[in-house]
Amino acid sequence: MIRTLVMLVLAAFLTGCVGKPSIEDAKLSQGKLDLEAFFDGRVVAFGQFQDRFGTVRRRFEVEINGTWDGKTLTLVEDFLYEDQSTEQRVWTLEKTGPDSWRGTAPGVIGEAFGEESGDTFNWRYLIDLPVPDGTVRLRFDDWMWKLSDTRVLNRAYVKKYGVDIGEVIITFEKQ
């Protein structure tokens, strides 16, 4: 019994030690991800959620219509899941400095905060996310990297009660 408990604690600790990006990581390009320029207009995205063991649990497509007014970026995201269910999320992001953002969306607890650095953007928030059988409160540590002028890669680390439960991988394509 004690051996099993020790093994479970050790496994949880080792899972939490997996490397994650840092805003200070070396940039792989000279490009700059200008969030407001990339998401102003129509963007489509394709993604999936994988649990902590790598099993794909859900796939989706998203059509995003963004508007930038010089200070606020509004993103209307229309999700279509593989089971044909739909969801709409509307983000309102405010640029708070040359490289800093804050934002809100339905279900987000408090505010989300983000930082741009070169070709990288980090976005963190707590959200009550709709799932097929209700809602679940999750913490997202979202990372975006500009791959080209028309493509951004997103990897979000997802936690529940401080424990990694999975990742969301998304590619965004500017139309």
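Predicted model: local features only at pLDDT ≥ 70, side-chain atom pairs only at ≥ 80, totals over all residues.
**Exercise 1.** Determine how the rings of Phe39 and Phe172 are arranged, and which parts of the chain they tie together.

*Solution.* Begin with the total: the model holds 12 aromatic pairs. In one of these, Phe39 and Phe172 have a centre-to-centre separation of 5.3 Å, and their planes stand at 85 degrees. Planes over 60 degrees apart count as edge-to-face, and therefore the pair of Phe39 and Phe172 is edge-to-face. Next, locate the partners: Phe39 belongs to helix H2 (residues 35–39), whereas Phe172 belongs to strand S10 (residues 163–174). The pair therefore ties together parts that are 133 residues apart in sequence.

**Exercise 2.** Decide whether Phe39 and Phe172 are buried or exposed.

*Solution.* The cut-off for a buried residue is a relative accessible area under 20%. Phe39 has 4% relative accessibility, so Phe39 counts as buried. Phe172 has 6%, so Phe172 counts as buried too.

**Exercise 3.** Classify the pair of Phe79 and Tyr81, and describe the surroundings of Tyr81.

*Solution.* The ring centres of Phe79 and Tyr81 lie 5.9 Å apart, with 10 degrees between the planes. Planes under 30 degrees apart count as stacked, so this pair of Phe79 and Tyr81 is stacked. Phe79 is buried at 10% relative accessibility, and Tyr81 is buried with a relative accessible area of 10%. Finally, the charged end of Arg58 sits over the ring of Tyr81, at 3.7 Å from the ring centre.

Notes
Residues numbered from 1 in each chain as written. Heavy atoms only, no water. Phe/Tyr/Trp six-rings, centres within 6.5 Å; stacked < 30°, edge-to-face > 60°. Helix = DSSP H or I, 4+ residues; strand = E, 2+ residues; numbered from the N terminus. Buried < 20%, exposed > 50% of the residue type's maximum accessible area, 1.4 Å probe, protein only. Lys NZ or Arg CZ within 6 Å of the ring centre and 35° of its normal.
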